[in-house]
Amino acid sequence: MLLAATIMVCGVLPLSAAEITLKLAHSWPKGFPIFATSVDEYAELVSEMSDGRIEIKVDSRNKHKSAFGIFDFVKSGQYDIGQSASYYYGGKDPDTLFFTTMPFGMTALEQYAWFHEGGGLELANQVYDKHGIEVMTGGNTTMQMGGWFNKEINSVDDLKGLKMRIPGFGGKVMAGVGAVPTNIPAGELYQALERGTIDALEWVGPSLDLRMGFHKIASYYYTGWHEPGTELMYFFNKETMQELPEWARSVLLNAAKLTSFNMTVQSQHESAVNWESMLTEFPNIEVRDFPEEVIEALRQSNRALLAQEASRSELSKKIIQSQSSYLTLVRGWTNIGDRAYLNNIAGQ
Ligand code: CA
């Protein structure tokens with residue numbers, strides 16, 4: 001963090017009008033649609049909301065070269081702010097895996113209610129506080145697709161030995177049914193699938209998958225089960241935040257919250273537009289739901305994994321219980337609200 005001297009010398013204005021300059025690193029290639037552009041918009045919003053008093057310098061992975069290094073960058077203070085997906089950092093702290101999305105878990109809107117009204121953000125901060133990081137929601141992809149496969153999945157046996165790019169708990173659940181999960185950064189996904197390093201991958205959904213070109217190298221596009229509402233996250237170095245005046249902290253956190261809304265809406269829009277393109281321009285894409293037998297096996301694997309995770313520590317147990325009880329609460333309303341509405345008007 002740079003705090004510019006606010007005293008003018010001999011009436012000469014400082015080169016930058018900003019009083020506070022902060023460095024931000026994100027996980028994505030420069031200008032990567034939605035994910036990286038929403039961070040650029042965040043920096044602009046912070047400047048606007050602070051009347052130019054806060055400037056954020058944004059570095060993409062092209063600059064810092066470490067897509068999955070954001071947690072360490074912010075923890076160490078090398079960067080003041082980061083934007084990434086929490087579930088990339090399970091190797092740093094297994095409890096970070098809970099704060100992106102959960103297989104068979106909450107949808108984007110349900111999860112936002114949990115984060116902002118149901119105690120989710122407090123739990124996330126409890127986990128990150130140990131690492132000197134404060135967090136805020138960063139934007140949602142909305143429903144993610146189950147991924148691209150180079151063969152049809154007709155039974156659980158078809159998943160055995162299948163090498164798939166799938167991060168977070170989704171990957172662990174897949175491992176539970178015999179698949180071989182791995183994580184690969186966005187910029188290397190196409191090549192990995194094309195060269196056969198992996199047999200399948202999940203990335204996001206129509207919003208981002210179409211432009212990645214996966215349909216050219218894998219015909220089967222499966223519907224979702226493992227990432228019903230993937231939330232990106234802003235990380236703030238705690239020491240930086242403590243040194244900032246209250247108005248600046250407020251701008252940084254509230255701009256992140258507003259960016260969450262903006263990115264989520266953009267994801268929904270882009271998925272709608274791109275899904276229509278897929279249907280009309282690429283009719284050879286074979287869209288499939290996983291068979292019931294496969295979904296049931298994944299569900300059992302998920303249950304076993306959560307039971308194991310809950311026994312790991314008091315905090316992991318508390319987080320799993322919070323998510324589980326909030327899911328029951330909020331799904332009750334979703335069922336009689338959204339689900340009933342969609343059923344009522346089915347066929348339109
Ligand atoms: Ca994904």
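## Helix 11 and its neighbours

The buried residues of helix 11 pack against helix 6 (168-176) and helix 12 (314-344); helices here are DSSP runs (H or I, at least four residues) and strands likewise (E, at least two), numbered from the N terminus, while contact means heavy atoms within 4.5 Å. This is a predicted model, in which local features need pLDDT of at least 70, side-chain atom pairs count only at pLDDT 80 or more, and totals for chains, interfaces and linings use all residues. Residues are numbered from 1 along each chain as its sequence is written, and side-chain values use heavy atoms, with hydrogens and water left out.

Which residues of helix 11 are buried? They are V294, A297, L298, S301, N302, L305 and E309, where buried means under 20% relative accessible area, exposed over 50%, and partly exposed in between (1.4 Å probe, protein chains only). These residues lie on the same side of helix 11 because they cover an arc of only 140° around the axis, the arc being that of the directions from the helix axis to the C-beta atoms. An α-helix has 3.6 residues a turn, so residues three or four places apart point the same way. On the face turned away from the buried side of helix 11 you will find the exposed residues E292 and R303.

The length of helix 11 is a handy check too. Its 19 residues (292-310) should span 27 Å at 1.5 Å a residue, and the end C-alpha atoms are 27 Å apart, which agrees; the expected span is 1.5 Å times one less than the number of residues.

Now for the open spaces. The largest pocket has a volume of about 1,200 Å³. On a 1 Å grid over the protein atoms alone, a pocket is an open set with protein on both sides within 12 Å along at least five of seven lines, a cavity is a set of points where a 1.4 Å probe fits but cannot get out, and lining residues have an atom within 4 Å of a point. Grid points are joined across faces, edges and corners, and a volume is the space filled by probe spheres set on the points.

Of the 33 residues lining the largest pocket, T107, A108, M143, P228 and T334 are the closest to its centre. Helix 4 (108-116), helix 10 (246-281), helix 11 and helix 12 each give two or more residues to this lining, and helix 12 supplies the largest share, nine residues. By class, the lining of the largest pocket has 16 nonpolar, twelve polar and five charged residues (Ala, Val, Leu, Ile, Met, Phe, Trp, Tyr, Cys and Pro count as nonpolar, Asp, Glu, Lys and Arg as charged, and the others, Gly among them, as polar).

The second largest pocket holds about 260 Å³. Its lining has 13 residues, with F104, G105, L306, S324 and L327 nearest the centre. Helix 12 gives the most to this lining, five residues, and the lining divides into seven nonpolar, six polar and no charged residues.

## Enclosed cavities

How many cavities of 30 Å³ or more are there? The count is two. About 70 Å³ lies in the largest cavity, whose lining includes W28, R165, E202 and V204. The second largest cavity has about 50 Å³.

## M145

M145 sits in the loop between strand 5 (133-140) and strand 6 (147-149). Is M145 buried or exposed? At 14% relative accessibility, M145 counts as buried. Leaving out residues up to four places away in sequence, M145 touches E202, V204 and Y221, among others.
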